[in-house]
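Biologist: I would like a close look at a single part of this model, the place where its chains come together. Please take it step by step and keep to what can be computed from the atoms.

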Number of protein chains: 2
Amino acid sequence: LVLSHDTIVEGVHYRVDDPPASVGRKLVAVNASDLAAKGAFPEIAMLSLTMRGDGAWEMAFLEGLSDGLEQAGLSLVGGDTTALPDGAPRVLGLTVIGRAGAVTPHRAGGRPGDTLWVVGTLGDAAAGLALLDANARASGPLVEAYRCPMALGAEGRALARHATAMMDVSDGLLLDAGRLAQASKCAAMVDLGALPLSDAFVALHGEGREARLFAATGGDDYALLLASTASEADLRHCLPAGATITPVGRLAEGAGLSLRFRGEPIPLPERLGYEHRSD
Amino acid sequence: LVLSHDTIVEGVHYRVDDPPASVGRKLVAVNASDLAAKGAFPEIAMLSLTMRGDGAWEMAFLEGLSDGLEQAGLSLVGGDTTALPDGAPRVLGLTVIGRAGAVTPHRAGGRPGDTLWVVGTLGDAAAGLALLDANARASGPLVEAYRCPMALGAEGRALARHATAMMDVSDGLLLDAGRLAQASKCAAMVDLGALPLSDAFVALHGEGREARLFAATGGDDYALLLASTASEADLRHCLPAGATITPVGRLAEGAGLSLRFRGEPIPLPERLGYEHRSD
């Protein structure tokens, strides 16, 4: 069995004005993403729901949650509903349980010489949040990426047997790559120029150094980060159609995280990602 | 497997001035009580912890949680920590997983003619909360019962094979007995005069009709309620030393809840228990 519990807090992990159905889908995605990173098959979920006001928000939330659970292949088997004092921020938790596949990768299995790969694109959710912070009525694919991330379940299950280490990128690539390297007792080198960026992201931010630093530290991506010795052809071959996988760096002997751009070492940014959640 | 998730909210399920270690122990107990009611063997737990302020409260909470987990036989295997906005009430969730015993009783298995039994005493926690509401520095066994309920795990596992239906009494006996009867498609008759009361409760409230109605609707007892056809001797024989079990009524053909005292039917109180939590 593979177990995970992630909680999201109103005003911290989602915006107060996010549509409640999107919050329900997001709660599923952040948890399904943890199962994806373990290559696990989703089975069941339990919800911890706080209630405030007349229940209309919660009804819409539950519709989105239900859609998300169906899409993720999770069955809701129980949970708990609690009343909140007036004005208290909602705190929404989900426990998910999956069946382990033939191989369950952890963070700690990376080895010097492994290539670091990212499945999916980086920075879209952070760009979407910045759009919403500037204009609460913003919309489009970046806003969608922030509000309704998709867990890469099929990708994670396909890649598990090729990964020496795997995790989901939820707090920013640099922070999470540093965690993977530390757990694996390795150094990590990330090539900023290699980061996978979406067309929508590039259209808004370009693809220069600042844009790439923004994407590398943004958080909420729910991409997958893996260390692997497999060839690019082998990795691509096992992935479902439409999935993208990109080499972004490598593990080496030693410790710590270093960053390169256009062949030159560059200093790490002060903030590597979002520390508001920890596992 | 038997799964449960219960969440407690600051100011709703515990007092803001409750010692944080007692809140940790309580969070374990309310969840372990759900496993007890299923006759399950505790295995693992996952915590959803909100953080606010300098972390001192949370450190003390975690000490109490750790004590409670050890006492309950649960191993903490993971969870999630989230930051709370300033002033937001803490929301603390625990998921517990147990191994099912040979028999797993549900609420819905009760049959007409079954006797209703309560393991433990009723009203102590509600009396303790009332003491604290009157004087925040109150102490003693009733305050202890409110702050640090004990889950009746050994009792639940011992009784599971004798129970046609079992649940924990967390929201008030009358409310919970009504739920058991409704799930079992039966009527329930409760004899108010039979309720098990502790010496400390009787010393404070006496054992008259009003005191017994208070005990029957108080909530937070974490006693066990079971329906059974077994004899009193058989039930007592299987219980661990020191456990008390008391016949409090019976199930009958029909629907609804009725109450008797000293041989006469009496009207149901307006409030049967606490509705703030639902499963």
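How many residues of chain A are in contact with chain B, and how many residues of chain B take part?

Modeller: This is a predicted model, and in it 30 residues of chain A are in contact with 30 residues of chain B. The size of an interface is often given as the accessible area lost when the parts come together. Between chain A and chain B the buried area is about 2300 Å², with 66% of it coming from carbon and sulfur atoms. On the side of chain A, the residues that lose the most area to chain B are His5(A), Met46(A) and Asp80(A), which together make up 22% of what that side buries.

As for the elements involved, at least two residues each are supplied to the side of chain A that touches chain B by β1 (2-9), β2 (41-51), β3 (75-83), β4 (91-99) and β12 (277-278) of chain A. Of these, β1(A) gives the most, with six residues. Sorted by class, that side of chain A has 13 nonpolar, 12 polar and five charged residues.

Turning to polar interactions, the count of salt bridges between chain A and chain B is zero, while five residue pairs, both members at pLDDT 80 or more, are found in polar contact across the interface. Over all chains the structure holds 22 salt bridges. One of the pairs joined in this way is Glu10(A) and Arg52(A), whose side chains meet at 3.0 Å, N to O. Because Glu10(A) lies in the loop between β1 and α1 (20-37) of chain A and Arg52(A) in the loop between β2 and α2 (56-72) of chain A, this pair ties together parts that are 42 residues apart in sequence.

The cavities complete the picture. The count comes to three cavities of 30 Å³ or more, and the largest cavity has a volume of about 50 Å³. Its lining draws on both chains: from chain A come His5(A), Thr7(A), Ser48(A), Val91(A), Leu92(A) and Gly93(A), and from chain B come His5(B), Thr7(B), Ser48(B), Val91(B) and Gly93(B). Two or more residues of this lining are given by each of β1 and β4 of chain A and β1 (2-9) and β4 (91-99) of chain B, with β4(A) giving the most, at three residues. By class, the lining of the largest cavity has three nonpolar and eight polar residues, and no charged ones.

Key: Residues are numbered from 1 along each chain as its sequence is written. Chains are lettered from A and ligands numbered from 1 in the order in which they are written. This is a predicted model: local features need pLDDT of at least 70, side-chain atom pairs count only at pLDDT 80 or more; totals for chains, interfaces and linings use all residues. Side-chain values use heavy atoms; hydrogens and water are left out. Contact means heavy atoms within 4.5 Å. Buried area is the accessible area (1.4 Å probe) that two parts lose on being put together, summed over both. A salt bridge is a side-chain nitrogen of Lys or Arg within 4 Å of a carboxyl oxygen of Asp or Glu. A polar contact is a pair of N or O atoms within 3.5 Å; within protein, one must be able to donate a hydrogen and the other to accept it, and residues adjacent in sequence count only if both atoms are side-chain atoms. Helices (H or I, at least four residues) and strands (E, at least two) are DSSP runs, numbered from the N terminus. Ala, Val, Leu, Ile, Met, Phe, Trp, Tyr, Cys and Pro count as nonpolar, Asp, Glu, Lys and Arg as charged, and the others, Gly among them, as polar. On a 1 Å grid over the protein atoms alone, a cavity is a set of points where a 1.4 Å probe fits but cannot get out, and a pocket is an open set with protein on both sides within 12 Å along at least five of seven lines; lining residues have an atom within 4 Å of a point. Grid points are joined across faces, edges and corners, and a volume is the space filled by probe spheres set on the points.
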